[in-house]
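Student: I have a new structure to look at, and I would like to learn how to read it. Could you walk me through it?

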Amino acid sequence: MLQRNHVYLKEHLDVEKILDELYQREVFSLSEKERCTGKQGLSAQSDELLCILPRKGRKGYDIFLQILDKVQPYIKDQLEGKDSSDSHTASAPEKQPLDQVERLKMEIENLRMEAAQLEKSYVQLQSSHEQLKTSHEQLEKENEMLREQLHTKNQGAAGSDRGGIPDSRMDPGSQLQLDAARANIDWCHVNTDGQLVNSRPATQDRHSGRLRKYEGTCATTSIPLPPSPSTVTPAPCTPQYWETHSRVGVVSEGWGCLVLEVGVVEESQVDSKMYVYLQRRSWCVGVWSCGTHRGSLCTSVWQQGEKGKCYSNTMFDTLGKQATLHYGVVLDVGRGRLAFIDLDREVVSAKVDVEWRESLLPVFSAGHPDLYTVNMKVISGPDITMTDTKKSLIFDALN
Ligand SMILES: [Zn+2]
């Protein structure tokens, strides 16, 4: 490039200033500087400078350009204007091939298109973001509303006497226990932990008080009906709640077979049939292998022998499967209200209003041990772990 601009540079360079700078920046040695200044006339001095400079390599040339930029910027512009395409490859001053220029142009065009695409994506993302933000805000509002509703509901449940939920304030005397002495030992027994197991006990005490037809057992005490309104001072009636936790294992798949049932019967009916759901004046929640939903055990509520909705997929009815099933019973004899809660599904399976004629007896049974193993634990009174969900389910059951 120096060569191509030799004449122009020779005529225009401010030799003195440039030599000083070149020396100061250690491109030219003192003797090289003096060799230039020793020449007669500015033109000869420029000539000498331009003769030495190419030996200083790329670095020297770059510094020369920086000096020109500072001292005589128009000369630098002139040099670059004449040689814009190779200003960065000045040490190899061949002309750039045209196709390289074209390639660069294409690259620039591509980059421009990419930038346009990115901008478009950015605009789209921004709009999605706006939409998400709006949805999120709506969800938050809904969530807040639901939380308030639940809170009100829970407060109602905790505060209402009618909804009197048996919690730690419940009288321990009203705790419900399985009657080991009445268990039908042809089918089951109550073990030393007070749990109902569907296998025959090791020792069989066949006294007359045992249930003979009903293949389960009942609570140790029945729940009396409140005195009729004509009585002078009606005793306050608190609703009762108990629940069962049953460990169930599939030994062999059944067909229309009962796995377990938890219910309430009028006392005189208790031993009239082998299962509660077959008895008159009985109400129960049962788990069974229904004929419609093969491969799954279903949960249903029976009212006086009539089967209600089938909740399928209670657990797999497949050999070796095990699960613990939880059901709650809410009974308000004072108001004639009975309800069953499916604690695993967190739903009130059924609630019914009945005019009872006799004291009520809670009953529990388990199916045939060659089909299912069942180990049922009854929990009541202070042993119940009361949660907010449970409270609102019980509240729902009573209202
Ligand atoms: Zn079913």
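Student: Let me start with helix 2. What covers the buried residues of helix 2?

Tutor: The cover includes helix 3 (30–37), helix 4 (42–52) and helix 5 (57–71). Keep in mind that this is a predicted model.

Student: Which residues of helix 2 are buried?

Tutor: Helix 2 spans residues 15–24, and its buried residues are V15, I18, L19, E21 and L22. They cover an arc of only 165° around the axis, so they lie on the same side of helix 2. Here is the general idea: an α-helix has 3.6 residues a turn, so residues three or four places apart point the same way.

Student: What does the face turned away from the buried side carry?

Tutor: That face of helix 2 carries the exposed residues E16 and Q24.

Student: I would like to look at E21 in particular. Is E21 buried or exposed?

Tutor: E21, which sits in helix 2, has a relative accessibility of 15% and therefore counts as buried, the cut-off being under 20%. Setting aside neighbours within four places in sequence, E21 is in contact with I67, K70 and V71.

Student: Now the overall picture. How many helices and strands does the protein have?

Tutor: There are eight helices and 14 strands. Of the 399 residues, 41% count as buried. Among contacts between residues at least 6 apart in sequence, 66% join residues at least 24 apart. The accessible surface comes to about 22700 Å², and 51% of it belongs to carbon and sulfur atoms.

Student: How should I read a sheet?

Tutor: In general, the strands of a sheet pair through backbone hydrogen bonds, either parallel or antiparallel. In this protein, seven strands form an open sheet with antiparallel pairing, in the order 1-2-14-4-10-11-12. Strand 1 (189–190) and strand 12 (347–353) stand at the edges with a single partner strand each, so one side of each has no neighbour in the sheet.

Student: How many bridges join strand 11 to strand 12?

Tutor: Six bridges join strand 11 (residues 337–342) to strand 12, and the two run antiparallel. To find your place there, look for D342, which stands opposite V347 in strand 12.

Student: And how do I describe aromatic rings that sit together?

Tutor: A pair of aromatic rings is described by the distance of the centres and the angle of the planes. This structure holds four aromatic pairs. In one of them, the rings of Y277 and W302 have centres 4.9 Å apart and planes at 35°, so the pair is tilted. The pair links distant parts of the chain, 25 residues apart: Y277 is in the loop between strand 5 (257–266) and strand 6 (282–289), while W302 is in strand 7 (residues 296–303). Y277 is partly exposed at 21% relative accessibility, whereas W302 is buried at 5%.

Student: What kind of aromatic pair do W283 and W356 form?

Tutor: Their pair is edge-to-face, with 6.0 Å centre to centre and 90° between the planes. W283 is in strand 6 and W356 in the loop between strand 12 and strand 13 (360–366), 73 residues apart. W283 is buried, with a relative accessible area of 1%, and W356 is buried too, with 10%.

Student: Which residues form one aromatic cluster?

Tutor: Those are Y275, Y277, W288 and W302.

Note on methods
Residues numbered from 1 in each chain as written. Predicted model: local features only at pLDDT ≥ 70, side-chain atom pairs only at ≥ 80, totals over all residues. Heavy atoms only, no water. Helix = DSSP H or I, 4+ residues; strand = E, 2+ residues; numbered from the N terminus. Buried < 20%, exposed > 50% of the residue type's maximum accessible area, 1.4 Å probe, protein only. Contact = heavy atoms within 4.5 Å. Areas by Shrake-Rupley, 256 points an atom, 1.4 Å probe, with all protein chains shown as cover. Pairing = 2+ DSSP bridges. Arc of directions from axis to C-beta. Phe/Tyr/Trp six-rings, centres within 6.5 Å; stacked < 30°, edge-to-face > 60°.
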